Amino acid sequence: MQAWVVATSLIFLYLALTVVLGLVANRMSSGDLEDFLLYGRKAGFVVLYLTVVATYHSSFAFLGSGGFFYTHGIGFWEAGTWTVLVGGITYVLGSRIWALGKAFGYVTPADLLADFYESEAVRVVAAIVSVLFTILYIQVQAQGLGYILSVASGDRIPFEVGTLILLVVAAFYLAVGGLRAVYWTDVVQGVWMYTAVWIGALVLTYKLFGGPLALWRRLAVERPDLLSLPGPEGFFTPGIWFGMTISLSFGIIIQPHMMIRYYTATSGTVIKWLGATTPIYLMTLYIPAAMVGLGGALAMPGLERPDRVFPLMLFQYTHPVLTGLILAGATAAAMSTLDSILHANMTVLTRDVYQRYVRPDADDRHYVWVGRAIIAVLLVVAYILSIRTHVFLVTLVTLSGSGALQLLPGVLGVCMPSPRIRTARGILAGIAAGLATLYVTLFGVAVGGLVITPNPLGVHHSVWALATNFLVVLVVSRFTAPPSTETIERIHGEIERFVYGSKNDEAPSPPNPIASAA
């Protein structure tokens with residue numbers, strides 16, 4: 001049997017497994033909207049751990065990081081900084097988001113922001129920003145999936161067809177099983193992905209170079225530029241490093257698919273354990289990724305699309321069965337994030353737009369079907385974006401995080417009580433100013449004799465955008481009306497009770513979150 005048949009067949013067997021899990025999840029579902037959107041708020045540590053790490057690491061980690069090591073060298077190991085920060089952010093901020101979600105029945109990030117700032121405008125803007133920038137993240141996963149099937153089949157399955165097949169599978173099991181299906185498939189995908197990337201990297205490294213140390217010695221002789229900073233293309237300057245650290249930690253955690261996961265935990269203790277342990281998985285995945293990317297720079301120089309280095313090396317240098325199993329792991333990496341973002345965007349659009357403003361009095365069954373229709377629309381948008389633009393996967397993820405990062409001042413104002421209360425107008429002005437700055441510092445502009453280049457002064461665009469956002473929020477909030485005293489005391493009081501006032505981290509049972517949306 002030809003190698004491409006074996007590899008492709010194993011990937012399709014994996015896809016069949018995810019469909020079966022989705023159908024089983026559908027049979028186990030209670031049928032109400034909270035179960036469909038939030039897993040009934042019943043996620044324990046093991047399930048939540050695996051879905052969080054599988055969602056955070058995606059095509060970005062499995063394919064994109066290898067491509068970045070291939071092009072820019074060892075500087076990408078700065079990933080350790082943002083993966084450690086993710087743990088700290090989860091422990092401190094994530095547990096507070098859980099407490100407020102449990103106490104007040106929040107379902108989306110916009111619920112939290114709109115409730116505290118007493119503003120429907122904040123709700124709408126937060127929903128738009130959440131969806132707009134996570135669409136880019138969907139594109140990352142879709143492109144990664146297309147690369148995998150295209151390479152595995154020896155280009156017999158075109159990139160466009162492979163992308164469509166895998167998008168449809170992910171959308172199907174999400175639509176039938178809701179977040180329960182996403183979590184169950186993520187458990188499998190999280191284990192498979194981690195195991196696959198380590199096995200694949202070690203097999204390739206020992207077969208081609210005699211082991212990691214031998215690879216390092218060859219790099220030192222043949223490509224010392226890959227072991228230096230700022231790298232062969234001068235990319236990893238201190239300003240870029242700092243910006244990527246912020247946008248890939250706070251910027252990812254603040255996105256709806258991650259914040260919604262905090263709402264689903266059974267307790268705040270689960271979230272704190274999550275924060276304490278997730279960096280272990282997240283950091284160590286970049287060790288084999290470095291072996292693949294740096295080894296690929298020696299074994300397969302001159303690739304037009306460096307993001308494809310891992311599947312190309314597997315296909316050329318390993319047994320077809322092993323290639324198929326590892327590429328199924330790569331498929332798991334992409335689908336575990338794709339399904340989560342599709343779910344999050346569906347939740348935001350269903351909850352914050354349709355339920356709030358179109359049909360506030362419909363039953364749960366109606367909203368579930370609306371959510372399924374939204375998934376179909378998102379699938380079409382993701383497919384069009386993925387086949388029309390080809391950009392570094394890491395670049396797309398960083399841009400996605402930079403955009404979502406503009407919600408951070410508002411979230412901190414809710415979750416971190418301070419004497420300086422931020423206002424709705426301040427938050428809205430800050431988001432507008434931050435997004436405008438993001439555009440200018442990302443693409444550069446020329447106005448008359450003034451020329452602003454991308455990443456001015458060597459500082460990453462996300463840093464400029466976030467700094468502008470915070471400054472505008474603080475200035476505008478100083479001259480505009482804050483939320484009512486009752487709201488501040490209710491929400492900040494809940495935070496203080498959770499952090500300081502109770503030995504039991506279980507917040508009060510929430511009102512029905514679906515009914516309260518009306």
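**Reading side chains**

Q: Are Y439 and F443 buried or exposed?
A: Y439 is exposed, and F443 is exposed too. The scale is relative accessible area with a 1.4 Å probe on protein chains only: buried is under 20%, exposed over 50%, partly exposed in between. The model is predicted, so local features need pLDDT of at least 70, side-chain atom pairs count only at pLDDT 80 or more, and totals for chains, interfaces and linings use all residues. Numbering runs from 1 along each chain as its sequence is written, and side-chain values use heavy atoms, without hydrogens or water.

Q: Where do Y439 and F443 lie?
A: Both are in helix α20 (residues 424–443), four residues apart, about one turn of the helix. Helices are DSSP runs (H or I, at least four residues), numbered from the N terminus.

Q: How many aromatic pairs does the structure hold?
A: Rings of Phe, Tyr and Trp (its six-membered ring) pair if their centres lie within 6.5 Å; planes under 30 degrees apart are stacked, over 60 edge-to-face, the rest tilted. The structure has 22 aromatic pairs. Take F116 and Y117: the ring centres are 4.9 Å apart with the planes at 90°, so this pair is edge-to-face. Both residues are buried. Y439 and F443 also pair, but tilted: 5.1 Å between centres, 50° between planes.

Q: Which residues do ring pairs link into a cluster?
A: F68, F69, F76, W77, W82, W216, F235, F236 and Y286.

Q: Which ring does R372 lie over?
A: For a charge over a ring, NZ of Lys or CZ of Arg must be within 6 Å of the ring centre and within 35 degrees of the ring normal. R372 lies over the face of W369, 4.6 Å from the ring centre. R490 places its charged end over the ring of F104, at 4.9 Å from the centre.

Q: How many residues of helix α19 are buried?
A: Eight of its eight residues, 408–415. They include L408, V411 and C415.

Q: Why does R261 count as buried?
A: Because its relative accessibility is 1%. R261 belongs to helix α12 (residues 256–263).

Q: What does the R261 side chain make polar contacts with?
A: A polar contact is an N or O pair within 3.5 Å; within protein, one atom must be able to donate a hydrogen and the other to accept it, and residues adjacent in sequence count only if both atoms are side-chain atoms. The R261 side chain meets that of T51 at 3.0 Å and that of T55 at 3.3 Å. Now use contact (heavy atoms within 4.5 Å). Setting aside neighbours within four places in sequence, R261 touches residues including L48, Y183, D186 and S340.

Terms used
Helices (H or I, at least four residues) and strands (E, at least two) are DSSP runs, numbered from the N terminus.
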